[in-house]
Amino acid sequence: MDGGDGTVRLGALHLKPDRSVFDSGVDVSVSSPVTRQKAAAAKQFIENHYKNYLQGLQDRKERRRALQRRAQEAQVSNEEKEEMLRNLERRETEFMRLQRRKIGIDDFEQLTVIGKGAFGEVRLCRAKDTGEIFAMKKLKKSEMLSRGQVEHVRSERNLLAEVDSRCIVKLFYSFQDSDFLYLIMEYLPGGDIMTLLMREDILSEDVARFYIAESILAIHSIHQHNYVHRDIKPDNLILDKNGHLKLSDFGLCKPLDKYSNLLENEDISTQEVANESGGHSASDRPPWLMPKEKLQQWKRNRRALAYSTVGTLDYMAPEVLLKKGYGMECDWWSLGAIMYEMLIGYPPFCSDDPRITCRKIINWKTCLKFPEDPKISSEAEDLICHLLCDVETRLGTRGVEELKAHPWFRCTQWDLLYEFEAAYKPTVIGDLDTQNFEKFPDLEGPPSTIPSVGPWRKMLTSKDTNFIGFTYKKSDVLKSLESSGTDMKLNESSKAASLISLLGQIELEETVISEGEQKPET
């Protein structure tokens, strides 16, 4: 049970043959909530440890079997096959040692702030051992708890760990200390689509088509894993150094059973719109009839709104605003609103008053209009109208193929999008270039002098029990083997494959390392 110093002391447990419960001599019903919370944390900690241990063992066996199978197909000799297996065992041992190494904030040099949000910040960081540049998302635990965001950050971490797609920003590590949660992700220096729109005002149809197409692939990649994003907006579409698009910020994503809908509760903060959905007013006029200064004010406030706790409602589907049941189709509505903004210059239902925006979205049948200038093609207008519509007729509801088949994408080569040169090439000078992101004052205080503590003690502090299982380390077995010098040719005169080329034909899973796999510190 619970020692005075915060540690867990395990006493002997005695089982009686006739009873199905432990005779601990303690009435569990009178234990304090803190004790029960710590017991639950210890249970999850131990379960995580053995679950990941057994999974790792199974993965190693499968890699060995796969290597044997591939070696047999390559017709290598028994001596060469045995040497390959011994080599694999050595690399597996080295790989496990590397994986057991605990990653923490001290392994990274913190650099420029490139983003701020309601619950934390994003900054550039450099790995001290390799010099690699990453984006570090830093979230304050106390804020996450007080504002009910624990499930959101857990969803983001789970999706990033599960979905491996070139359309999605990659997660390399996640870890925590006593005050913060950290997500170490790939750095995409091209900025986001919102920055591009603020700079260009409107995009040509060719450029818009390219980025809407890549957005479709990105959204579909998470839908394939039965996740709905729920927060598709230009801020969350990020460009890499070559100008290709990746989807980010999965804090509002939800796992969704293929045959079920989500019923909205406390997860997304929206204005109360039940009493706002009826009637019309002069404020319902389209954006291009707004006073010019008000439209400019909306554009100036656009970036600040992205950093607020309220966020923007401009891209939210009506079924979400009305708190009705909804599914993955809500992401396609959001994409339609983004496409409209790309081609027209502002979202279809924008207003300087969020209540009016809500009313316009709910009354989209009368409020969705297109200006005379800029003039867009009939195919583009048709696609927007088939995204900003009822769920039953919305493209994407019956699968992504009906979106791809729309005439606006007639010449789009979907399988080669990420191979082609991007429609827009951002200016990027060096690995540390942040010119495509807004400048932020660095208000970071001096590093904490509080000594770090081992995972057992850390696990049992009250606020950390909410974040058990958060730690993650991206594992690339093939890369680990390559960097360890195992690319050994077995027979230069024959076409027999090397260890690396054989392993390269195997479906290699990424290994999730939870706190339970890290050796308790004393």
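Pro374 sits in the loop that runs between α11 (364–367) and α12 (378–385); helices here are DSSP runs of H or I with at least four residues, strands are runs of E with at least two, and both are numbered from the N terminus. The peptide bond leading from Asp373 into Pro374 is cis, with omega near 5 degrees. Most peptide bonds are trans, and most residues other than glycine have a negative phi. The model is predicted, so local features are given only at pLDDT of at least 70 and side-chain atom pairs only at pLDDT 80 or more, while totals for chains, interfaces and linings use all residues. Residues are numbered from 1 along each chain as its sequence is written, and side-chain values use heavy atoms, with hydrogens and water left out.

Buried means under 20% relative accessible area, exposed means over 50%, and partly exposed lies in between (1.4 Å probe, protein chains only).

Asn226, in the loop between α6 (205–223) and β6 (227–228), has a phi near 60 degrees, a positive value in a residue other than glycine. Asp249, in the loop between β8 (245–247) and β9 (254–255), also has a positive phi, of about 60 degrees, and is not a glycine. Asn226 is partly exposed at 32% relative accessible area, and Asp249 is partly exposed at 28%.

His244 belongs to the loop between β7 (237–239) and β8. With a relative accessible area of 7%, His244 is buried. Its contacts beyond four places in sequence include Phe210, Glu214, Ile238 and Tyr418. A polar atom of the His244 side chain lies 2.8 Å from the backbone oxygen of Phe420. The C-alpha atoms of His244 and Pro426 are 9.6 Å apart, although 182 residues separate the two along the chain.

The structure holds 20 salt bridges, each a side-chain nitrogen of Lys or Arg within 4 Å of a carboxyl oxygen of Asp or Glu. One of them joins Arg70 and Glu73 at 3.2 Å, N to O. Both residues lie in helix α1, three residues apart, about one turn of the helix. Another links Arg90 with Glu83, the closest N and O atoms being 3.7 Å apart, and Glu83, Arg86 and Arg90 are linked in a network of salt bridges. Arg90 is partly exposed at 41% relative accessibility, as is Glu83 at 27%. In the salt bridge of Glu121 with Arg123, the closest N and O atoms are 2.9 Å apart. Here Glu121 is buried at 11% and Arg123 is buried at 2%.

The chain as a whole has 16 helices and twelve strands. Of its 522 residues, 48% are buried. Among contacts between residues at least 6 apart in sequence, 73% join residues at least 24 apart.

Methods:
Contact = heavy atoms within 4.5 Å. Polar contact = N/O pair within 3.5 Å; in protein donor to acceptor, adjacent residues only side chain to side chain.
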